[in-house]
Amino acid sequence: MKGRNSRMNTESTSLALVNSAPAQWRHFARFIQRPALPAQSANEMGGQTASFGARLTTGLVAVLRMLALDLVIMIALLSLVLVFVLAGGELPSNALNDLELTPIVILSLVIGAPLLEELGFRSWLSGRPRYLIVIPILMIAAAAAAAIGVTRTGEDASEGTAIALLGGIIVAIIASLIVWKRPPMRWFQAIFPLAFWVSALGFALIHIANYKEGDWYALLPLVLPQLVLGTVCAYLRVHHGLWSAMLLHALHNGIIVMFVLAGLSMTQ
């Protein structure tokens with residue numbers, strides 16, 4: 001039984017057999033069924049450290065394959081929404097509907113949001129101390145900045161808040177550099193399934209704030225796209241690095257913005 005469980009875990013985490021899009025999707029399906037930090041990442045193919053070019057190529061191919069899967073699922077979900085609307089249903093108002101798609105807003109959606117959201121929701125999923133150590137330091141800095149903002153006024157509040165935040169960022173960078181090469185923490189490997197779903201569900205639930213009306217539990221079906229995106233980005237993050245999750249997230253948002261712009265141009 002132990003040997004069988006070990007074999008299943010290896011099959012669910014190894015990238016050795018991921019040589020086609022269907023194989024990549026099956027690998028992803030096994031991963032979300034049994035979330036685990038991979039025993040072998042794209043950086044360690046064949047038991048040796050892969051070259052930068054090999055890692056980049058493998059990661060880019062994985063991003064494109066998972067983007068295709070992401071788009072298929074998005075189309076299926078949008079089709080269900082369309083059926084709901086055609087049947088007479090009404091969707092709650094979304095704050096994004098009021099956004100004017102200026103170049104700055106587009107850059108924020110396509111580049112800014114993926115960078116910040118992946119840093120916040122997926123960077124620490126590697127279990128490496130260099131990421132885990134940053135979170136408590138920044139939380140302490142943010143709490144200190146908030147306390148200063150509440151207890152002081154005027155220029156003192158602005159300067160104190162800025163110093164607290166900047167100091168936290170500097171300390172976090174220095175601390176992460178000190179432990180940069182340390183491997184994933186064993187305790188994090190044990191709780192990884194919980195961490196994976198906390199990351200994915202947290203990412204989805206925070207997008208409920210985009211809706212101006214409706215009870216939160218009634219809005220849950222509307223954040224299924226974000227839940228799907230969160231699981232896909234988490235899969236890429238732990239197997240190919242944070243950059244791959246950021247890239248897929250940016251492509252996902254970029255495609256949505258492109259279709260919105262196309263729809264606006266057709267209605268004008």
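**View 1. The lining of the largest pocket, sorted by residue class.** In this predicted model, the lining of the largest pocket counts 30 nonpolar residues, eight polar ones and two charged ones. The space inside the largest pocket comes to about 1,700 Å³. Look towards the centre of the largest pocket and you will find Leu78, Asn94, Leu96, Gln226 and Ile256, the closest to that point among the 40 lining residues.

**View 2. Helices around the largest pocket.** Which helix gives the most to the lining of the largest pocket? That is helix 11, with nine residues. Helix 11 spans residues 242-267, and helix 3 (52-86), helix 4, helix 8 (186-206) and helix 10 (224-240) join it in supplying at least two lining residues each.

View 3. Leucine 119 belongs to helix 4, which runs over residues 103-121. Is leucine 119 buried, partly exposed or exposed? Its relative accessible area is 43%, so leucine 119 is classed as partly exposed, a label for values between 20% and 50%.

**View 4. A salt bridge between glutamate 118 and arginine 122.** Searching the whole structure turns up one salt bridge. Its partners are glutamate 118 and arginine 122, whose closest N and O atoms sit 2.7 Å apart. Are glutamate 118 and arginine 122 buried or exposed? Both of these residues are buried.

Definitions and conventions. Residues numbered from 1 in each chain as written. Predicted model: local features only at pLDDT ≥ 70, side-chain atom pairs only at ≥ 80, totals over all residues. Heavy atoms only, no water. Helix = DSSP H or I, 4+ residues; strand = E, 2+ residues; numbered from the N terminus. Buried < 20%, exposed > 50% of the residue type's maximum accessible area, 1.4 Å probe, protein only. Salt bridge = Lys/Arg side-chain N within 4 Å of Asp/Glu carboxyl O. 1 Å grid on protein atoms, 1.4 Å probe; cavity = no way out; pocket = protein on both sides within 12 Å on 5 of 7 lines; lining within 4 Å. Points joined across faces, edges and corners; volume = space filled by probe spheres on them. Nonpolar A, V, L, I, M, F, W, Y, C, P; charged D, E, K, R; others polar.
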